[in-house]
Amino acid sequence: MQHGKDHGREDAHAEDPPVAARVKALEAILLEKGLVDRAALDAYVDTYENKVGPRNGARVVAKAWTDPAYLDWLRRDASAAIASLGYVGRQGEHMRVVENGPGLHNLVVCTLCSCYPWPVLGLPPAWYKSAPYRSRAVIDPRGVMREFGLELGEDIEVRVWDSTAEIRYLVLPERPAGTVGWSEERLAALVTRDAMIGVTKALSP
Ligand code: FE
């Protein structure tokens with residue numbers, strides 16, 4: 001896959017030794033001087049990877065599931081529709097929502113580094129930045145999803161989207177069955193980070 005686009009100077013390039021090395025050096029100094037505690041640092045990263053960040057995306061998805069006008073807006077101009085909920089900022093300026101359907105499943109990767117929609121998903125998980133995910137998501141997306149517990153039939157088309165600094169993708173999972181009449185808040189609890197990257201589906205109620 002051709003991938004010569006700009007991935008953003010501020011992006012956390014997984015294979016950018018100068019940046020990674022500087023971060024490691026900084027962390028080492030802070031730890032050595034007792035200025036930070038490793039457990040606290042890990043907890044902080046975990047919070048932004050798993051708790052705070054992806055909750056924003058989950059609210060976008062839940063609103064799209066319950067509000068047809070919002071879904072339409074999201075399809076036409078995802079950046080504006082997402083910004084209307086207050087989710088704006090770096091690494092989220094040019095959003096595109098890719099919609100799963102009965103015969104279609106979308107998967108997001110950044111083959112070159114780790115481009116990721118920060119305002120709606122928070123920090124990317126380590127596996128998203130890993131070389132195996134970045135290559136295998138393209139070569140064998142069904143195999144990758146299988147490892148996350150998602151087995152897709154051959155009748156379901158899989159589309160893989162390569163994020164760049166210019167466009168960040170968010171997967172709109174299918175609304176799970178058995179959720180008729182649910183509030184947005186209750187629906188949002190079914191929307192995981194992994195479902196919005198596309199390696200899994202939304203949770204079943
Ligand atoms: Fe990238």
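**Aromatic rings, helix faces and a buried threonine**

Colleague: What is the relative accessible area of Trp 127?
Modeller: Trp 127 is partly exposed, a class between buried (under 20% relative accessible area) and exposed (over 50%), with a 1.4 Å probe and protein chains only. This is a predicted model, in which local features need pLDDT of at least 70 and side-chain atom pairs count only at pLDDT 80 or more, while totals for chains, interfaces and linings use all residues. Residues are numbered from 1 along each chain as its sequence is written, and side-chain values use heavy atoms, leaving out hydrogens and water. For Trp 127 the relative accessible area comes to 22%.

Colleague: Which kind of aromatic pair do Trp 127 and Tyr 128 form?
Modeller: The whole structure holds 7 aromatic pairs, where ring centres of Phe, Tyr or Trp (its six-membered ring) lie within 6.5 Å, and planes under 30 degrees apart are stacked, over 60 edge-to-face and the rest tilted. Tyr 128 is buried at 1% relative accessibility, and Trp 127 and Tyr 128 also belong to one aromatic cluster with Tyr 116, Tyr 133 and Phe 148. Because the ring centres of Trp 127 and Tyr 128 are 6.4 Å apart and their planes stand at 70°, the pair is edge-to-face.

Colleague: Which residues of helix 3 are exposed?
Modeller: In helix 3, residues 68-76, the buried residues are Tyr 70, Leu 71 and Leu 74. They cover an arc of only 100° around the axis, which puts them on the same side of helix 3. On the other side, the exposed residues are Pro 68, Ala 69 and Arg 76.

Colleague: Which residues does Thr 200 touch, leaving aside those up to four places away in sequence?
Modeller: Thr 200 sits in the segment after helix 10 (193-197) and is buried, with a relative accessible area of 14%. Counting contacts as heavy atoms within 4.5 Å, Thr 200 touches His 105, Phe 148, Leu 150, Thr 192, Asp 194 and Ala 195.

How values were computed
Helix = DSSP H or I, 4+ residues; strand = E, 2+ residues; numbered from the N terminus. Arc of directions from axis to C-beta.
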